[in-house]
Amino acid sequence: MLTSLQNPWVKHVRKLSQAKVRRAHQQFLLEGTHLIQEALAVAYPLVAVHGTQQWRDRHPSLWDALVGYCPRVELVSPEVLTAMATTVNPDGVVAVAAHQPVSEFPAAPSLAIAAETLQDPGNLGTLIRTAAAVAAEGVWLSPDSVDPESPKVIRSSAGQWFRVPVAVGDLPQQLGQWRRQGVQVIGAQAQARISYWEVDLRPPTVILLGNEGAGLSAATLEQITQPVHIPQAAGVDSLNVAIAAAVMLY
């Protein structure tokens, strides 16, 4: 059982709360029973799983499944588990997962979401969860967006993070490529003349959303096929970006 906070591996796991460390080691954290179950359900590669004795006693069959699946499964003291976790009240298990590059993002998605400079991890997690609910084929982020492997992003997705491809790359270039493939790019803009429900969303469509405060950049605006707005009551000038995504997707 790991009991020392000075153990080199424990120190490494703790540092994975930082984006730069996650990128350097191509690893990230999974916290909580539900996320561990979701990772197993889709056979996502796990590097290590750490659980307290109490957690093992509550989930004996899950522990046995992890022992047969993951190369490193070990007991840790409650103090070590708490130090590894980024949540205030962890439920007794923290895993380290291996980064898996998105190998295939649809060349011409029937429905996908693109977001520019999305900063709030809770918003991104909620957006991913909604994308899964409507069977969207993926989420594309600009490089200056929040790290999609942030623990809060993954938790906010309620486990759906594993089921929706999330890619990061040059957004204007990718939008242009989709347009050449016959995909329409519907951009959310408060000042647009028509509402989103006036547009035919049956053809292949990418719904484009901007930064929570600044909106879309000039380079990205050039790639929009049709700007649209979401009707709102007088005096209301914006919606939460995840809510705007859900409204338009449904």
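**View 1. Packing of helices α7 and α11 in the predicted model.** Axes here are lines fitted to C-alpha atoms, for helices over the stretch in contact, and the angle between two of them runs from 0 to 180 degrees between N-to-C directions. In this predicted model, helix α7, which spans residues 121-133, packs with α11 at an angle of about 15°, and the two axes lie 8 Å apart. Because angles under 35 degrees count as roughly parallel, α7 is described as roughly parallel to α11. The crossing in which α7 passes α11 is right-handed.

**View 2. Residues that meet between α7 and α11.** On the α7 side, the residues taking part are Asn 123, Thr 126, Leu 127, Thr 130 and Ala 131, and these meet Val 241, Ala 242, Ala 245, Ala 246 and Leu 249 of α11. Sorted by class, the contact of α7 with α11 comprises 7 nonpolar and 3 polar residues, with no charged residues.

**View 3. The largest nonpolar core.** This core, the largest of its kind in the model, holds 47 residues, and those with the most contacts inside it are Leu 30, Leu 46, Leu 124, Ile 128, Val 139, Trp 161 and Leu 209. Helix α11, residues 241-249, gives the most to this core, contributing 5 residues.

**View 4. The surroundings of Leu 46.** When residues up to four places away in sequence are not counted, Leu 46 touches Leu 30, Ala 39, Leu 66, Tyr 69, Cys 70, Pro 71, Val 96 and Ala 97.

**View 5. Ser 77 in its loop.** Ser 77 is found in the loop between strand β3 (73-75) and helix α6 (78-84). With a relative accessible area of 6%, Ser 77 is buried, because the term applies to values under 20%. Residues up to four places away in sequence again being left out, Ser 77 touches Met 1, Leu 2, Thr 3 and Thr 52.

**View 6. The chain as the setting for the close-ups.** The chain contains 11 helices and 10 strands, and its C-alpha atoms fill a box of roughly 60 × 40 × 30 Å, taken along the principal axes. Of its 250 residues, 49% count as buried. Among contacts between residues at least 6 apart in sequence, 76% join residues at least 24 apart.

Methods:
Residues numbered from 1 in each chain as written. Predicted model: local features only at pLDDT ≥ 70, side-chain atom pairs only at ≥ 80, totals over all residues. Heavy atoms only, no water. Core = buried A, V, L, I, M, F, W, Y, C linked by side-chain atoms within 4.5 Å. Buried < 20%, exposed > 50% of the residue type's maximum accessible area, 1.4 Å probe, protein only. Helix = DSSP H or I, 4+ residues; strand = E, 2+ residues; numbered from the N terminus. Contact = heavy atoms within 4.5 Å. Parallel < 35°, antiparallel > 145°, perpendicular 65-115°, else oblique. Left-handed = near helix turned anticlockwise from the far one by under 90°. Nonpolar A, V, L, I, M, F, W, Y, C, P; charged D, E, K, R; others polar.
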